[in-house]
Amino acid sequence: MSTAPVSRQTFDEVMVPNYAPAAFIPVSGKGSRLWDQSGKEYIDFACGIAVTSLGHLHPELTAVLHEQVDRLWHLSNTFTNEPALRLARRLTETTFAERVFFSNSGAEANEAALKLARRYAHDHFGGDKTKIVSCKQAFHGRTLFTVSVGGQPKYTEGFAPLPGDLTHIEFNNLTEAELAIDDNTCAVIVEPVQGEGGVTPATQAYLEKLRALCDQHNALLIFDEVQIGVGRSGQLFSYQGYGVTPDILTSAKALGNGMPIGAMLTTKKVAASFVVGTHGSTYGGNPLACAVADKVIELISQPELLEGVKARHQLLVEGLKRINDKYHAFTEVRGQGLLLGAQLAPSLKGKAKDFVNAAARHGLVVLVAGTDVVRFAPSLIIPEADLAEGLKRFEAVTAELVEKAAQPA
Ligand SMILES: *Cc1c(COP(=O)(O)O)cnc(C)c1O
């Protein structure tokens, strides 16, 4: 077996080509900083993709993980385990939920939510109530069911036949919602803030309308908070800021701060349709991920931490606006809390990925949301000095790309 060092080149030699990873390989992290193989340092405005919301190697999370690693790794769902029970209790105490199902990812949490909605309708209203309504530009994961429910045709291309009775409507369009949601609808699924689709918050009126239509037609309202949940909005979960309560809420990403875990939260009444044997997962609810997630929720649900998100939101928005006043690179900066998107001006159309690549050269990690939005998802506890330094580097990136765009082709 080869013991030669691995590099970015190795990816092309041994990995399935479904990703196009950056040219550099980060090898260590601390807080909001990362270092690559050559020792170069980066400010992290991405947190994976909104995952490491308490930064890299948070000492309290590391301690909890070490403790659990030395105690017990795995049992299977033939047994329950203490970390899963503690986490589920904490989630029910801090949200609308009365029952919790654990998965290993966001897609699996949504898969569980959609299956539960179909099953619940089947149990209570018979066989015809199967329609699932979702939004264009939505992202709900990459399993065949979740990718079909998602609203980005490029992700289902070539994977037919797809699951049936799915209807896609325009996000934030009340009229389309009214036309699509009927007595055959078993569920409506929506991201309170569309993440992958462009960092677009739902309007207050839209979520209220979906709630009312679901009540009117006995459909379940599912909020996919895989990206915006767990503190990123400035609330523990975004629905709490809207004051619109779903029947099912899905979480993942930041829930484990990097440990793979997802959760589906629901009411006792809806949960009752998942009787013994209807659904399951080998690793879902494993002690390692649950121990960490329990600490994550404990830390992130503290009011001072959530206040800190709002303060950093202000700093980041102001910083981006200052940059934009100088370079006119964006038409809009939008989002909630510390999930922000900068919509590129027409002169920079299609260049979001160029921002990511240039940022890397300047020692900064940012994300895209589509081809025309630069997405920012820094740690919820990023030190103000790191936030300022990251903005300084982003200004240099913006200056460079705006200048380049102005040059004759
Ligand atoms: C990332 C994401 C998912 C999928 O989560 P995975 O853990 O990658 O399966 C689902 N919904 C939303 C809103 C997401 O951002």
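Which residues surround the ligand? Keep in mind that this is a predicted model, then select Ser105, Gly106, Ala107, Asn110, Phe139, His140, Gly141, Glu191, Asp224, Val226, Gln227 and Lys253, and you have the ligand's surroundings on screen.

Next, highlight helix H5, residues 106-125. With 3 residues, H5 gives the most to the shell around the ligand.

Now zoom in on some atom pairs. Start with glycine 106, where a backbone N or O atom sits 2.8 Å from an oxygen atom of the ligand. Move over to phenylalanine 139: here a backbone N or O atom is 3.2 Å from a nitrogen atom of the ligand. Then pick lysine 253, and look at the side chain this time: one of its N or O atoms lies 2.6 Å from an oxygen atom of the ligand. How much of the ligand does the protein bury? On its own the ligand exposes 380 Å², and the protein buries 81% of that.

Select S5 (residues 131-135) together with S6 (residues 166-169): the two run parallel, joined by 4 bridges. To follow the path between them, trace the chain from S5 through helix H6 (residues 144-149) and on to S6; this β-α-β crossover is right-handed.

For a last stop, click on cysteine 135.

Definitions and conventions
Residues are numbered from 1 along each chain as its sequence is written. This is a predicted model: local features need pLDDT of at least 70, side-chain atom pairs count only at pLDDT 80 or more; totals for chains, interfaces and linings use all residues. Side-chain values use heavy atoms; hydrogens and water are left out. Two strands pair if DSSP finds at least two bridges between them. A crossover is right-handed if, with the strands pointing away from the viewer, the path from the first strand over the helix to the second runs clockwise. A residue is near a molecule or strand if one of its heavy atoms lies within 4 Å of it. A polar contact is a pair of N or O atoms within 3.5 Å; within protein, one must be able to donate a hydrogen and the other to accept it, and residues adjacent in sequence count only if both atoms are side-chain atoms. Accessible areas come from the Shrake-Rupley method with a 1.4 Å probe; for residues, only the protein chains shown count as cover.
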